Amino acid sequence: MELEQHTTTIAIAEGILIERYRMTPAEATQLIADLARADGLSLIESAEWVILLRWPLA
């Protein structure tokens, strides 16, 4: 269940990057990985930030 949630979260973040910024799937995946590496985050945390920046809570 947890792996499925993580996979879904990453897929949503990739979809946002593909749709909004016209990235290829490979570019979107690479950006999420690069953000995670640069900030010391996990892939899931990086994907969550992409989603939060797209749909702010406020």
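Let us start at the largest pocket, whose lining is made up of Ile-16, Leu-17, Arg-20, Tyr-21, Leu-35, Asp-39, Leu-41, Ser-46, Trp-49, Val-50, Leu-53 and Arg-54. A pocket here is an open set of points on a 1 Å grid over the protein atoms alone, with protein on both sides within 12 Å along at least five of seven lines, and lining residues have an atom within 4 Å of a point. This is a predicted model, in which local features need pLDDT of at least 70, side-chain atom pairs count only at pLDDT 80 or more, and totals for chains, interfaces and linings use all residues. Residues are numbered from 1 along each chain as its sequence is written, and side-chain values use heavy atoms, leaving out hydrogens and water.

The helices α1 (2-21), α2 (25-39) and α3 (43-54) each supply at least two lining residues, with α3 giving the most, five. Helices are DSSP runs (H or I, at least four residues), numbered from the N terminus.

Now look at Leu-41, one of the lining residues, found in the loop between α2 and α3. Leu-41 counts as partly exposed because its relative accessibility is 29%, and that class lies between buried (under 20% relative accessible area) and exposed (over 50%), with a 1.4 Å probe and protein chains only. Leaving aside residues up to four places away in sequence, Leu-41 touches Ala-36, Ser-46 and Trp-49; contact means heavy atoms within 4.5 Å.

How confident is the prediction? The chain has a mean pLDDT of 90, and 91% of its residues reach 70 or more, where pLDDT is the predictor's confidence in each residue, from 0 to 100.

Technical notes: On a 1 Å grid over the protein atoms alone, a cavity is a set of points where a 1.4 Å probe fits but cannot get out, and a pocket is an open set with protein on both sides within 12 Å along at least five of seven lines; lining residues have an atom within 4 Å of a point.
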